Amino acid sequence: LAIRSVMWRGEKILVGTQDSEIFEIFVSEREKPKTIMLGHAEGELWALAVHPKKPIFATGSDDHTVRIWSMSDRVTLSRTTLDENIRSLSFNDDGTQIAAGLSDGSFVVLKTRDLAEIIHIKDRKEVIHEMKYSPCGNYLAVGSNDNFVDIYAVAQRYKKVGQCSGASSFITHIDWSEDSKYLQTNSGAGERLFFRMPAGKHLTSKEEINAIHWSSWTCVLGAEVNGIWPKYTDVNDVNACDANFPGEVVVTGDDFGMVKLFRFPSLKKAAKFRKYIGHSAHVTNVRFSHDKRHVITTGGADHAVFQWKYLPEGVGADDDTVQGTGYVDSNSEESDSDMSDVGEIDSDIERENTINYDRVVYKDDMTAIKAKNKADLKGSGQKRNKAPSEGIKLEFIHGYRGYDCRNNLFYTQNAEVVYHVAAAAIIYDKTKHSQRFYLEHTDDILCLCIHPLKDIVATGQVGRDPTIHVWDVNDLKTLSILKGEHQRGVCAVDFSGDGKKLASVGLDDNHTIVIWDWKKGAKLATTRGHKDKIYVIKWNPHAEDKLVTVGVKHIKFWTVAGGGLTSKRGTFGNVGKLDTMMCATFGKSPEVTYTGGANGAVYIWQDVTLSKTVKAHEGPCFAMHSLDKGFVTGGKDGVVGLWDDSFERCLKTYAIKRTSLAQNTRGLLFKDNPPVRSVILGHGHILVGTQGGDIMEIEKSGPISILTQGHKEGEIWGLATHPTMERCATVSDDCTLRVWDIGKDHRLVGGKILQSAARACGYSPDGKAIAVGFKNGRFCVVNADTFEEIATFQHRKENISDIKFSPDPGKYLAVSSHDNFVDIYNIMNSKRVGTCKGASSYVTHLDWDKRGKLIMLNSGAKEQLFFEAPRGKRQTVRNEEILKMDWDTWTCVLGQTCEGIWPPKSDVTDVNASSLSGDKRILATGDDFGFVKLFEYPVKGKNAKYKKYVGHSAHVTNVRWSLDDSKLISVGGADTSVMVWSHRQAGERNNTRGNSDDSDTDSEEEGGYDSDVQREKAIDYTTKTYATNLRETSGVKPHLQQNTEEDRPAVSRGSSNPPKVKRNETTKRKKGDINVRDFHNFINECICIYVLCKMAM
């Protein structure tokens, strides 16, 4: 024996051999080693057969041995060695004989009692993959790699009496019918064939096939076992199966090392299952024992034999989920370990799971793109238009991300409210109705959590290499940036109970979980989370190493272990059914966890076992928060519930309705009972965030105060500012028209639920009417005060992209569409009076001149066209005349006057909107990269300098100046935010840059050219320093001057100066003697003259 391992302890020596044997040797009886464990030696293990009447099974391997094992004693009963690799085995009907199929195409029949050879037959040249005795015991079917099944008569000393042909590939599995009259086969080509016995005639009659009752089912193909196959798998991925007819289950072994249990029959592909691990390589064979109490499995390359205890449904059902049984979480949506029926899918959850956070271009790529553009433009010699001296500062954001986020709303130490929308984290002061902003993120923030001390916040974002920012809520300083471990985005974060660690979940395919030491920026542990989306990760506040994650058909309890994590899946047992979990929290006890399900129930867990469920909401329970003496929950039904500390009794419920709003609240509700996505209790109030973008505060006595609001999910494109008041109107794909106060109140003052998604809006010159354009080509005009519909028209089928009234008195209305037309309507008589034709692509923008006689439009084909109103006759206007004309508005993005707003190598759709200030000095733009930019108008020449401002995470779809240019409004497409920027003139501005980027004001930023900067960069100061001085110099050089120390009092704190070290005189002299002091004076004078010259210019 080749010994591979040895250990000596006391009087015993433990020995492991190369042939998978373990012996125990006593020093006093060294000649009598005790066998501890036996197994097959190296080589693939494929052959397996179970005795038909006794707890015995046989295995055969490439190590040439046949071994018979006892299931009850778990020992080897006997073994024999053959001349070839053994690939199949079969017991006869009474178990007295065992046939072994060999790799050379032969088979041998042995006596079970002593494994003595009875007969050896060789009719084939290739390996025997499968063989089975008939139930009657009269025949033996032998399937080979030669594509045939040979039938042998047992009573006639295994005379060949039939042959089954027709398979186009090697035979993999065979089964007999109960009456021994039929045989079914599977082949490597995915064929399932039927034959009459014993002759082997091919059977094709469906009626006859359907009437057959099978004695066993080990074939992996057929309608009865369709469900054992995952979607899009190869026909060879499942190697073996065995059906338990009385138990109505089938066990399988596959190429991924999994042993799985399915219902039998399993008709629909990708059926639910339970899976068990242990094998390290492909599972080659599986069989139920004769009494169906055990399952035997064999591993190919791991040459291991596993014996599993089968637990019928309802008998010790919970025991198979404990640690050490091999039971693991199943593949979620594809196949779930819960055998019960799946509940109804909630529409909101289904929609949320389909959200795609991938980006065509990530903002992480902007640096590389910028550098490339800079290199391409270098040396172009083109002088760029200068940046404006004026700027803007972010003042207020209308919006809250609640449609796909949860538990992202918290109170700070100072009773401020922290939340997020777009790429901005917002700290809202409800007493002053003001906001502060953390703007260091570059893309959508998807999650937010607060430190236990309520003074530090962590936020995670979307990105190719997404970052997590940890920052201080008081001074908005970044404390730590964590990156490098996630992909696509970070969907959940949470601080540990002591605040020292941070857990995060990524949006990669495995939803990776990472544990961070956030102060050091170091990763402590990481593991794969789950194949389906994880919604929440929550630390156990009572245990520093315990966490729970919940998500789609998923709840796992985690323990941090070194650089990784171990997990246990929640056990439902008979208490409840597996459900999608939406939220989680902990109570006073470290062993008890509470989760909210998609069915509206609260699940109460004792360790990892479900102990109780409580119906809390109609529809999903989206949010949950633990209190000192109870819990607060929020659900899709728009109800907030207060519970006692054991979830036995609901103390009070608050339905979010318009009738419950407090007087003088800041805003209004379009509908009652908006779904609640976040709920928290603190400072005597319940803070609630809704799916519709509302943040409100509920007093315990019942009144509800709205703090801020925003649009619901859907892109915002339509934006218009009121001509006489500090108001703006927005329309969105959420089918609402909303009017906002952009003065000091910053609130929603009115609105209307629309019939469909809208993409454009515009105020009449007197501000009494609002025109709204829809995605379906329809538009309507509503009263700006009552929001009652005045008129409606539909002459187009595609998206209305822009809509504007003519200047005072607003007699005409121009409506542009993606049908390539601009229709002109007379508002007085509600008739279409003209159509502007000639655009070769969809119309994107339009503007009127001050007289209301000329319309300018832009198209998707980069066209700038002009039409005379009201008939729509095409006009030609020269570039010089365009600038001279007095335009009522300028929102177009094409033409010589705004040539410089386009980034290098940009597409015609990259700049979505522009707006010229009333004094015709500043042009604001919004682009696909999430930037709001300010240019000095006119923006002639390419690549003009600008000031850019961040906050939006998606494309900025529209920008508009307010009536007196004191505010700039911008709306984000997919980020659903409306941002209000304050604007100050250059002389009076106070930090107008805010937290944004005052970039591109230097020539380096975009690779442009500035003559003055270029000349200054070319100065050779080395040459100037050593050139002959123009003026006479006198005096002593500093290093030759005599140094005299000044006398100091004895009690002086100042110490004496150190002695000066004189420089050695050198014989080598430079041209002339330069007085350094005079030289510096000369340089300063030159600089002053240069500055004065520049000012004079």
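Cys735 is partly exposed, with a relative accessible area of 23%. Partly exposed lies between buried, under 20% relative accessible area, and exposed, over 50%, with a 1.4 Å probe and protein chains only. The model is predicted: local features need pLDDT of at least 70, side-chain atom pairs count only at pLDDT 80 or more, and totals for chains, interfaces and linings use all residues. Residues are numbered from 1 along each chain as its sequence is written, and side-chain values use heavy atoms, with hydrogens and water left out.

Cys728 is buried, at a relative accessible area of 0%. The closest cysteine sulfur to that of Cys728 belongs to Cys761. The two sulfurs are 8.5 Å apart, so they are too far from each other for a bond. The structure holds 0 disulfides (a disulfide is a pair of cysteine sulfur atoms within 2.5 Å).

Lys556 belongs to strand 44, residues 554–561. Strands (E, at least two residues) are DSSP runs, numbered from the N terminus. Lys556 is buried, with a relative accessible area of 10%. A polar atom of the Lys556 side chain lies 3.2 Å from the backbone oxygen of Gly529.

Arg960 sits in strand 78, residues 956–961. Arg960 is also buried, at 11% relative accessible area. Its side chain makes a polar contact with the side chain of Asn958, at 2.8 Å. A polar contact is a pair of N or O atoms within 3.5 Å; within protein, one must be able to donate a hydrogen and the other to accept it, and residues adjacent in sequence count only if both atoms are side-chain atoms. Beyond its neighbours within four places in sequence, Arg960 is in contact (heavy atoms within 4.5 Å) with residues including Leu719, Lys804 and Ser914. Arg960 and Trp890 are 70 residues apart in sequence, and their C-alpha atoms are 9.9 Å apart.

Definitions and conventions
Helix = DSSP H or I, 4+ residues; strand = E, 2+ residues; numbered from the N terminus.
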